[in-house]
Amino acid sequence: MLENEANPTLSKSTGLPRKRFYRARAHSNPLSDSHFPVPTSPCHVDLSLHFPQFCSSSDQIDSSKKIQFADIGCGFGGLLISLSTLFPDTLIIGMELRDKVTEYVKERILALRLANPGQYQNISVVRTNSMKYIPNFFEKGQLSKMFFLFPDPHFKEKNHRRRVISTHLLDEYAYALGVGGIIYTITDVEELGDWMKACLESHPMFEAITEEELEADPVVKLLSSATEESQKVARNGGQTFQAVYRRIMPAT
């Protein structure tokens, strides 16, 4: 409690960081040059910095333990936290471009670990540009799930090249996803929803998940409830548009 009183960025009642100290622009330009460390290859990602309970040090990393889920543009970390308890033995990383938001998620995870010993050890966040550096973080076929929740719509046609779902970026995501891996997308902008669905539908390495599978997948329910953005859309009675696709082997 004394620590919380001394640190105004933490809530006195919950011990969690307060968002008003970490506010940033809603979106960033992914094509601009930002300065942050980037691993030269996936083998240079030090998991011990992110998951100390699973990997004690960089030279003692359990080589069989790898990140399997990636939340691209993770925002304030709501999905990460929900996934953590749903998949407690799966390593999950959030990737966020905005520095203040990344710092908030780091503090939030640390506070949750402190308040809940043994829990939330499987999630972490890194500041990076996912549109440029996916191959620097993940080996071929490493991931089993990727999430793109409420991405920047970039309404102007000249800015569509900034969209995080596009035909050429799906090539990189297909590289990182193992066969059978799933890509989840959701937005409250109908035009963007149509765009993402069309990109996925036309790509030879993805196929749509059936309605029966969607209903049986517990993750699908989180798409429209776990994040700050999804909760805002729900409060305002907004509509959402989702596209969930599986990574497949292309037909020969």
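A residue is called buried when its relative accessible area is under 20%, exposed when this is over 50%, and partly exposed in between (1.4 Å probe, protein chains only). The structure is a predicted model, in which local features need pLDDT of at least 70 and side-chain atom pairs count only at pLDDT 80 or more, while totals for chains, interfaces and linings use all residues. Residues are numbered from 1 along each chain as its sequence is written, and side-chain values use heavy atoms, with hydrogens and water left out.

Helices (H or I, at least four residues) and strands (E, at least two) are DSSP runs numbered from the N terminus, and two strands are taken to pair if DSSP finds at least two bridges between them. Seven strands make up an open sheet of mixed pairing, in the order 3-2-1-4-5-7-6. Its edges are formed by strand 3 (123-127) and strand 6 (206-208); each has a single partner strand, so one side of each is left without a neighbour in the sheet. On average, neighbouring strands of this sheet are turned by 20° against each other, direction ignored. For such angles, axes are lines fitted to C-alpha atoms, for helices over the stretch in contact, and the angles between N-to-C directions run from 0 to 180 degrees.

Strands 1 and 2 run parallel and are joined by five bridges, with F69 opposite I92 in strand 2. Five of the six residues of strand 1 are buried. Strand 5 (residues 177-187) and strand 7 (residues 241-247) run antiparallel, and six bridges join them; in strand 7, Q242 is the residue opposite I186. Helix 5 (residues 130-137) lies across strand 1 (67-72), strand 2 (91-96), strand 3 and strand 4 (143-149), at about 150° to strand 2. Contact here means heavy atoms within 4.5 Å.

I81, in helix 3 (residues 78-86), is buried because its relative accessible area is 14%. Leaving aside residues up to four places away in sequence, I81 touches R108, L112, Y120 and I123. The C-alpha atoms of I81 and S124 are 9.5 Å apart, although 43 residues separate them along the chain. Y120, one of the contacts of I81, lies in the loop between helix 4 (99-115) and strand 3. Y120 counts as buried because its relative accessibility is 13%, and its phi is positive, near 60°, in a residue other than glycine. A positive phi, of about 50°, is also found for F150, likewise not a glycine. F150 belongs to the loop between strand 4 and helix 6 (167-176) and is buried at 10% relative accessibility. In the loop between helix 3 and strand 2, T90 is buried at 11%; beyond four places in sequence, T90 touches Q68, F69 and N122.

The whole structure was searched for cavities on a 1 Å grid over the protein atoms alone, a cavity being a set of points where a 1.4 Å probe fits but cannot get out, and lining residues having an atom within 4 Å of a point. Grid points are joined across faces, edges and corners, and a volume is the space filled by probe spheres set on the points. One cavity of 30 Å³ or more is found, and the largest cavity holds about 40 Å³ of space. The lining of the largest cavity consists of V45, H50, I67, I93, M95, V126, F137 and F138.

How values were computed: 1 Å grid on protein atoms, 1.4 Å probe; cavity = no way out; pocket = protein on both sides within 12 Å on 5 of 7 lines; lining within 4 Å.
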